[in-house]
Amino acid sequence: DEEIFSDGKLKLIGIGRLEPQKAFDKLILACAELKRDNLEFELVILGKGKQNEELQRLIKKEKLENNVKLYGYTSNPYPYMKQADLLVCSSITEGYSTAVCESIILGTPVLTTNCTGMREIFGDSGCGMIVDNSIDGLYCALKEIIKEPALLNAMGNAAKDRSKYFNLDRAIQEYRQIL
């Protein structure tokens, strides 16, 4: 599979429609703060949508062309999720986030804003961080993760453990108990 990240930087991935509800603009502005702090990171956003040109302009305005890339839509995001160090969900609202579940199943930890369903997906696992739904919430957590590599490592191990929660056999068993 094609490598989409450079080495030596925190590899962030965002996945979703380029729509206001996904708040990728907030994530890009949080990344602009990281760059002002001279922190090393790379963000790849997979998806397409009506905000594509607006987000491209924001990336250019904040001089993030070397840090943030809009990669477009892909029918198979898994190889890219696996390459990433962290999935970032910046959504204002979510239903049940498939991307967050899939990331955990792949053992990739998650940084998410506090929106519906995230606490249920995470449980008490420590497989990621749930932060205030703001630019500052995202920025502070990303800064902490970049400065504390052990934190990212611990979240990655917890994500691998939490992936067992999404086991199909377990889900079928729980479903049978309901019936």
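**Exercise 1. List the residues in contact with F41, leaving aside its neighbours within four places in sequence.**

Solution. Step 1: contact means heavy atoms within 4.5 Å. Step 2: leaving aside neighbours within four places in sequence, F41 is in contact with K9, L10, L12, C31, L34, K35, L64, N67, V68 and I146.

The model is predicted: local features need pLDDT of at least 70, side-chain atom pairs count only at pLDDT 80 or more, and totals for chains, interfaces and linings use all residues. Residues are numbered from 1 along each chain as its sequence is written, and side-chain values use heavy atoms, with hydrogens and water left out.

**Exercise 2. State how many residues the largest nonpolar core has and which of them have the most contacts inside it.**

Solution. Step 1: a nonpolar core is a set of buried Ala, Val, Leu, Ile, Met, Phe, Trp, Tyr and Cys residues joined through side-chain atoms within 4.5 Å. Buried means under 20% relative accessible area, exposed over 50%, and partly exposed in between (1.4 Å probe, protein chains only). Step 2: the largest core has 33 residues, and F41, L86 and L111 have the most contacts inside it. Step 3: helix α1 (residues 24-36) supplies the largest share of this core, seven residues. Helices (H or I, at least four residues) and strands (E, at least two) are DSSP runs, numbered from the N terminus. Step 4: a second, separate core has 21 residues, including F5, Y80, C115 and C127.

**Exercise 3. Give the strand order of the sheet and find its edges.**

Solution. Step 1: two strands pair if DSSP finds at least two bridges between them. Step 2: the six strands form an open, parallel sheet in the order β3-β2-β1-β4-β5-β6. Step 3: β3 (68-72) and β6 (128-131) each have a single partner strand, so one side of each is left without a neighbour in the sheet. Step 4: from one strand to the next, the twist averages 20 degrees. Step 5: as an example of pairing, three bridges join β4 (residues 86-89) to β5 (residues 110-113). The bridge partner of L87 in β5 is V110. Step 6: α1 packs on the sheet and touches β1 (10-15), β2 (41-46), β3 and β4; its direction makes about 165 degrees with that of β2. Axes are lines fitted to C-alpha atoms, for helices over the stretch in contact, and angles run from 0 to 180 degrees between N-to-C directions.

**Exercise 4. Describe the surroundings of K11 and Q83.**

Solution. Step 1: K11 lies in strand β1, and Q83 in helix α3 (residues 78-83). Step 2: K11 counts as buried because its relative accessibility is 16%; Q83 is buried at 16%. Step 3: not counting residues up to four places away in sequence, K11 touches F5, S6, E42, Q83, A84, D85 and L86. K11 and D85 are 74 residues apart in sequence and 5.0 Å apart in space, C-alpha to C-alpha. Step 4: leaving aside neighbours within four places in sequence, Q83 is in contact with E2, E3, I4, F5 and K11.
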